[in-house]
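Open the model in a viewer and keep the sequence panel beside it. The tour below moves through a series of selections, with a note on what each one contains.

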Amino acid sequence: MTMILGLESSCDDTSAALVSSDRRIVAQAVVGQNAAHEPYGGVVPEIAARAHVEILPGLIGKVLGEAKLSIDEIDAVAATAGPGLIGGVMVALLAGKGLALAAGKPLIAVNHLEGHALSPRLVDPDLGFPYLLLLVSGGHCQLLEVRGVGEYRRLATTIDDAAGEAFDKAAKLLGLPYPGGPGIETLAKSGDPAAVPLPRPLVGSGEPHFSFAGLKSAVQRAVASGEYRREDIAASFQHAVVDCLVDRTRLALDRSDAPALVVAGGVAANQAIRTALADLAKEHGRRFAVPPAWLCTDNAAMIAWAGVERLANELVDDLDAPARARWPLDETAEKVRGAGVKA
Ligand SMILES: Nc1ncnc2c1ncn2[C@@H]1O[C@H](COP(=O)(O)OP(=O)(O)OP(=O)(O)O)[C@@H](O)[C@H]1O
Ligand SMILES: [Mg+2]
C-alpha cells in the first residue's frame, strides 16, 4: 500500500489530499475562490496565484492533521505541474518540491489533465485500460483513447472554445455567476430546450472535433433579441451542447474499439450530459463510467490518485521538473485547422 499527498493549484481551486493505493481518500480539503473572481466574470491569474500561496500551506497541514500522518509517513508528493495559469501552477509544484526535498520523498509532477483522465479509476476498481475518454472541462474539450498510465492518443479537440468555457460565456450573457455551468444547469430545469433555435457547430462533420464559438454568438443574439425567457435560453443552450457532445463522441466510438466510454472534467458534473452519454454508451454496447460530481471539478484527490498510478509505474520526476502553462496529454497530436492555442 502506498500513500500519496496530492497538491492542486492550476486554476482557481486550491486543494490538498491524501490518497492511498487501495483507493481510500484519507483526507481532502478544497478551497474555491469563486467569490474573489466573480466581480470580473472569470479567473484573474494574479489574484488566483496570490490566494493559492495564502491557502495551500494551511490545507497541507489540515489533511496531514486529519489523517494523523507526518510527511515522513507518506510515499511520494504528487503536484500538478501544468497545464494551467502559470503563477498558480508554480504554487503547488514548488510546495511539492520543497516537501519532497525536505522529507526525502519522490516528487511526481502530474499533468492536471491526466488527473482528470484517471479520476474515474479512483472510484471504479473495475475500469481497466483502454477506454475512450471525453474530457470536458473549463479549458479543454477532447476525445482521447486512454491506453495506459501516460499513454494517450487524442482523437479530437475543440477548434475554438472548451465546453466549460461555453457554459461560462453563456452564463455571463444570462447574468449568472461564474463559473456558469451549475447556474445554467439549474436554470435549464425550468426551461424548454426546444424554445430557442440554436446551432450545433460541426455536428455531422467527418472528424470528431468540437466547436462552441458559434453557439455562444447565437446565445448572445437570442439574449439581445429580448424574445426569449432566460430559462428557455439556458435549456436550449444546454440541449445544443449535449447534442454536440453526443454526436462527436458517437463518431469517436465508431473509430475506437475501447470497451468503455468515460467522461471526466468539470462539465461532466452536468446531469443532462451524464445521462445522454450513458445512453450513448449503452447504444454502442460499451461500459460507461463517470466520476461523482465532486471529483469532476478541480481537486487534489485526482492528482494524488494520478500520483498513485504513476508511482506504481515507477514514473517519478526530478526536482527540476518545470511548471508548464501548456502541456498536451498527447504530445504527438497535430494542431487542427482553425484551432487556437489550446493544448
Ligand atoms: N454542472 C455543470 N454543468 C456544466 N458545466 C459545469 C458544471 N459544473 C462545472 N462546470 C464547468 O466546469 C468548468 C470547470 O471545470 P474544471 O475545474 O475541470 O476546469 P479547469 O480546471 O478550469 O480547466 P482544465 O481542467 O481544462 O484546466 C467550468 O467551466 C464550469 O462552468
Ligand atoms: Mg480542471
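For the residue classes used on this tour, Ala, Val, Leu, Ile, Met, Phe, Trp, Tyr, Cys and Pro count as nonpolar, Asp, Glu, Lys and Arg as charged, and the others, Gly among them, as polar. The model is predicted.

**Stop 1: the ligand shell**

Select ligand 1 and the residues around it. There are 23 of them, and the closest are Gly138, Gly139, Gly164, Gly181 and Gly266. Now colour by secondary structure: α4 (112-123), α5 (163-173) and α6 (180-188) are the elements that give two or more residues to this shell. Of these, α6 gives the most, with four residues.

Next, colour the shell around ligand 1 by residue class. Its residues comprise 14 polar, six nonpolar and three charged.

**Stop 2: the two domains**

Colour the chain by domain. The assignment gives domain 1 as 3-117 + 296-312 and domain 2 as 128-294. Go back to ligand 1 with these colours on: each of the two domains contributes at least three residues to the shell around ligand 1.

**Stop 3: where the domains touch**

Select the residues in contact between the domains: 13 residues come from domain 1 and 19 residues from domain 2. Hide the domain 2 side and look at what remains. On the side of domain 1 that touches domain 2, at least two residues each are supplied by α1 (34-37), α4 and α11 (300-312). The largest share of that side is three residues, from α4. Helix α4 was also on the list of elements around ligand 1.

How does the side of domain 1 that touches domain 2 divide by class, into how many nonpolar, polar and charged residues? Six are polar, four nonpolar and three charged.

**Stop 4: the whole chain**

The chain has eleven helices and ten strands. Its radius of gyration is 20 Å, close to the 20 Å that the globule rule gives for 343 residues, so the chain is as compact as a globular protein of that length. Along the principal axes, the C-alpha trace spans about 60 × 45 × 35 Å.

Finally, colour by burial: buried residues are 55% of the 343 residues in the chain. Among contacts in the chain with a separation of 6 or more, 74% are between residues 24 or more positions apart.

Note on methods
Residues numbered from 1 in each chain as written. Chains lettered and ligands numbered in written order. Predicted model: local features only at pLDDT ≥ 70, side-chain atom pairs only at ≥ 80, totals over all residues. Near = placed C-beta within 6 Å. Domains from an automatic or database assignment. Contact = placed C-beta atoms within 7 Å. Rg over C-alpha atoms; globule rule 2.2 N^0.38 Å. Buried ≥ 20, exposed ≤ 12 C-beta atoms within 10 Å, placed from the backbone.
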